[in-house]
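Please open the model in your viewer and keep the sequence panel at hand.

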Amino acid sequence: MKFKNWWNFLNGDYDTRKSFHKFLVTGSARLDHYRRGEDSFLGRYLYLRLHPFSASELKITTNLDLQILLQFGGLPEPFLKASINHWRLWIKER
């Protein structure tokens, strides 16, 4: 879901009601970019960079599994769907 001004909303909601909520923010937004701004989450968030699945994480044991990983990549959505049509749509969106 796209939400305009999500940063300001999240920042305000966290500051006023942090004992009621825990947030998990995902996506491609560069939160470290916002750290340099006027209003930051300094000390209030943990920045994690998630990488695609590796062959060892997926416990690849067959040539077919390896071919699927090589064809669709290690990002969860295209890998788990393993569909050419879905992969093309997914790539087009990005």
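Helices (H or I, at least four residues) and strands (E, at least two) are DSSP runs, numbered from the N terminus. Colour the protein chain by these elements: from the N terminus on, the order is α-α-α-α-α, that is, five helices and zero strands. This is a predicted model, in which local features need pLDDT of at least 70 and side-chain atom pairs count only at pLDDT 80 or more, while totals for chains, interfaces and linings use all residues. Residues are numbered from 1 along each chain as its sequence is written, and side-chain values use heavy atoms, with hydrogens and water left out.

Next, display the surface of the protein chain. Of the 94 residues, 17% are buried (under 20% relative accessible area; exposed means over 50%, partly exposed in between; 1.4 Å probe, protein chains only).

Now select residues 6–17, helix α1. Its twelve residues should span 16 Å at 1.5 Å a residue, and the end C-alpha atoms are 16 Å apart, which agrees; the expected span is 1.5 Å times one less than the number of residues. Within α1, show the side chains of Trp7, Leu10, Asn11, Asp13 and Tyr14, which are buried. An α-helix has 3.6 residues a turn, so residues three or four places apart point the same way.

Finally, move to Leu46, in the loop between α2 (31–35) and α3 (63–72). Leu46 counts as exposed because its relative accessibility is 70%.
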